[in-house]
Amino acid sequence: MLSKNMEEALNKQINREYFSAYLYLAMSAYFESANMKGFAKWMRLQAKEEQTHALKFYDYVIARGGKMNLLAIEAPKAKWTSAAKVFEEVYAHEQKVTGMINALVELAMKEKDHATFETLQWFVKEQVEEEEHASEILGKIRTIGDIPGHLFCLDHELGKRE
Ligand SMILES: [Fe+2]
Ligand SMILES: [Fe+2]
């Protein structure tokens, strides 16, 4: 059985994962409008990945006999001015999410909820990768920033994501 506190916290996290999906879908649409098809594809897959995160939490809450309380998803913004700005935001957002996952881990520890603690370890590791990927791409954009044509190469590279 999940505690009421934990049930509420996990429900909130489901909502945040869907917000991440929504944010990345909005970024994908921005890249589509900027004719950067590779970036758009990468972001769309990222949005899909966030939905699987949400469903992982969803399945866990159900498995523990918790109640689902699906909350309204906040609308993301729709405009950015450059790929660098987008990835600065992705990196900052993922760091924020890491903080949320850490807070859930701390709650699980406080409540001596071992099953939730164990489930959260997957997310702890996932956030290391999420931050790494975001900062790696941001680093590449910054390196090639002023060289015309090189962003096109990166667009091609990101478009290879499966
Ligand atoms: Fe996520
Ligand atoms: Fe993420």
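This is a predicted model: local features need pLDDT of at least 70, side-chain atom pairs count only at pLDDT 80 or more; totals for chains, interfaces and linings use all residues.
Student: Why is H1 called roughly antiparallel to H3?
Tutor: Helix H1 (residues 4-33) and helix H3 (residues 83-110) pack at an angle of about 170°, with their axes 11 Å apart. Angles over 145 degrees count as roughly antiparallel, so H1 is roughly antiparallel to H3.

Student: Which residues make that contact?
Tutor: On H1, they include Met6, Ala9, Leu23 and Met27; on H3, Val86, Val97 and Leu104 are among them. By class, the contact has ten nonpolar, four polar and one charged residues.

Student: How do you know that the span of H4 agrees with its number of residues?
Tutor: At 1.5 Å a residue, the 31 residues of helix H4 (residues 114-144) should span 45 Å. The end C-alpha atoms of H4 are 46 Å apart, which agrees.

Student: Where does H4 bend?
Tutor: The bend is at Leu120, by about 25°.

Student: What makes a residue of H4 count as buried, and which ones do?
Tutor: A buried residue has 20 or more other C-beta atoms within 10 Å of its own. In H4, Thr116, Leu120, Phe123, Glu130, Ala134, Ile137 and Ile141 are buried. Their cover includes H1, H3 and helix H5 (150-158). Across the chain, 30% of the 162 residues count as buried.

Terms used: Residues are numbered from 1 along each chain as its sequence is written. Chains are lettered from A and ligands numbered from 1 in the order in which they are written. Axes are lines fitted to C-alpha atoms, for helices over the stretch in contact, and angles run from 0 to 180 degrees between N-to-C directions. Helices (H or I, at least four residues) and strands (E, at least two) are DSSP runs, numbered from the N terminus. Angles under 35 degrees count as roughly parallel, over 145 as roughly antiparallel, 65 to 115 as roughly perpendicular and the rest as oblique. Two residues are in contact if their C-beta atoms, placed from the backbone, lie within 7 Å. Ala, Val, Leu, Ile, Met, Phe, Trp, Tyr, Cys and Pro count as nonpolar, Asp, Glu, Lys and Arg as charged, and the others, Gly among them, as polar. The expected span of a helix is 1.5 Å times one less than its number of residues. The bend at a residue is the angle between axes fitted to the seven residues ending there and the seven starting there. A residue is buried if 20 or more other C-beta atoms lie within 10 Å of its own, exposed if 12 or fewer, and partly exposed in between; C-beta atoms are placed from the backbone.
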